[in-house]
Amino acid sequence: MAAPATIPPGAWLGLLGGGQLGRMFCMAAQSLGYRVAVLDPAADGPAASVADRHVHADYLDPAGLARLAGIAAAATTEFENVPAAALEYLARSARVCPRADSVAIAQDRIREKNFLADHGFGVAPFTVLETAADAARVDPALVPGIVKSARLGYDGKGQIRVRAAADVAGAFAAMGGVPCVLERFVDLACEVSVIVARDEHGAATTWPVAENRHRDGILDVSIVPARVDAALAERARAIALGVATKLDYRGVLCVELFVTAGGELLVNEMAPRPHNSGHYTIDACVTSQFEQQARVLAGLPLGDTRQHEPAVMLNLLGDAWFPGAESAAPREPDWAQVLRHPQAKLHLYGKTEARRGRKMGHVTCLAPTVSEALAVAAAIKRDLGIPGADDIAPAAP
C-alpha cells in the first residue's frame, strides 16, 4: 500500500545507512515527532545509537528489508552506495526518497557524467575507461588529469592523478581494471556546492552556495556564503535546480561544481543525500538540510532555507585525536578549547574509534562576517593542532 500524502508525526520513518548523516537525520526527524528505524550492517553505527530502532542487517538481506518495510511508512538513505535494489524493494510498500533510478545514476560516475553531458550541463572534459585497451589509447588532450573509479570512490579514495597519456594504463591497472573515468584537470578558481531540496510535487528550493576547501581529497572547510559574485552564485543555484529537475529528484541533493579561472561553472558530481558541505545549515539556517529531508519524506511543506548569519564549517577528522605525527595512541581533544569560542557549535558523531582521515565531527563557526567566522575556525585549528590554520582563508577568487 502506498504511503499517504502526508505522514503525521508519531509515524515511523526508515533509513538505509548508519553513518553520521543518518545520525543527524534521526535527530531532525525526531524533533519533528517521528520515530526512526535504521537498517545498518554495522552493530554500533552513529545513527543506530540515536535511532528508535536498529535493524541490524545487510542492505540486501530479505529479512532485514522486510522488517524495515513492516515498520516504516517511508524510507530514505544517508549515503549513495546503498544498492538500488534495496530501494526498489521498499518502494513496493512505502514512499522512498530518493528513488532508486536517481540513486543509480548518482552512484556511478560513468552514468552520472553521461547524464550531465546529455542534458547540457557543463562538465570537465572526460572519457570512459572500461577496458585496458581504452586506457592505452586515451586522447593526450585529456591529460594531465585524474582517473576515478566509477563506483564507491569518495573523499579522495578511488582516484589516481596522471600526468601523461602513458600513465593512464598503469592507473587503470592499479584500480583493478574496474570501470573508470578519466577527467582532465581544469584551471580552478574555487569549488562550490549547492544543496537542493525537491518534493514529490516538483516544488524545490536551495540553500546559499557554499565555497569548499579540501585537504588531501577530504573537505576541510565550507565557507557560506561563498566568496563569489552574486551572478555566479545565482547561476550555480540555477544549475543545481536544473539537475534536480532533469533527474526528477525527490529529496535532498548536493550538486558540486568547479568554478574555473574564466568564470565557467562545471558540474563535478552530485550526491543523492544531505552533504558534508551542508552541515552548517543545522546552526545557520531556518531549516537544516536534515529537517528538510524529513519534511520531503513525510510529505510536509518545504521549510525556509534562509541563512541567519555567515558560517564556516570545519571538519574534525580523526587526526585531531593524534597529537603528533609519531603518536600511536589516540588522545581525546580538549573540547573546552573549541567551546571557549562562544560562536562555535560543536557536533561529535559518536564514533567509538578515532582513525586518521575519519570524519569524527564538525564545528560550525558563526559570526557577523565571513572573515570573522574564518578567524574563529583558524583559531580552533591551532588549538586542536589541525594543519592548515594559516591558509584557511586564502584570497577570495
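Predicted model: local features only at pLDDT ≥ 70, side-chain atom pairs only at ≥ 80, totals over all residues.
Local features need pLDDT of at least 70, side-chain atom pairs count only at pLDDT 80 or more, and totals for chains, interfaces and linings use all residues. Residues are numbered from 1 along each chain as its sequence is written, and side-chain values use heavy atoms, with hydrogens and water left out.

Buried means under 20% relative accessible area, exposed over 50%, partly exposed in between (1.4 Å probe, protein chains only). Gly299 follows H10, with a positive phi near 75°.

Strand S7 (residues 145-149) is buried at five of five residues, so it too is largely enclosed. In a regular strand the side chains alternate between the two faces of the sheet. Here Gly145, Val147 and Ser149 point one way, Ile146 and Lys148 the other. S7 pairs antiparallel with S8 (residues 159-162) over four bridges; pairing takes at least two DSSP bridges. Ile146 stands opposite Arg161. Five bridges join S7 to antiparallel S9 (residues 180-184), where Cys180 faces Ser149.

Now the rings. There are two aromatic pairs (Phe, Tyr or Trp six-membered ring centres within 6.5 Å; planes under 30 degrees apart are stacked, over 60 edge-to-face, the rest tilted). Tyr59 and Phe79 are tilted, at 5.6 Å and 50°. Trp321 and Trp335 lie 5.4 Å apart with planes at 65°, so this pair is edge-to-face.

Key. Helix = DSSP H or I, 4+ residues; strand = E, 2+ residues; numbered from the N terminus.
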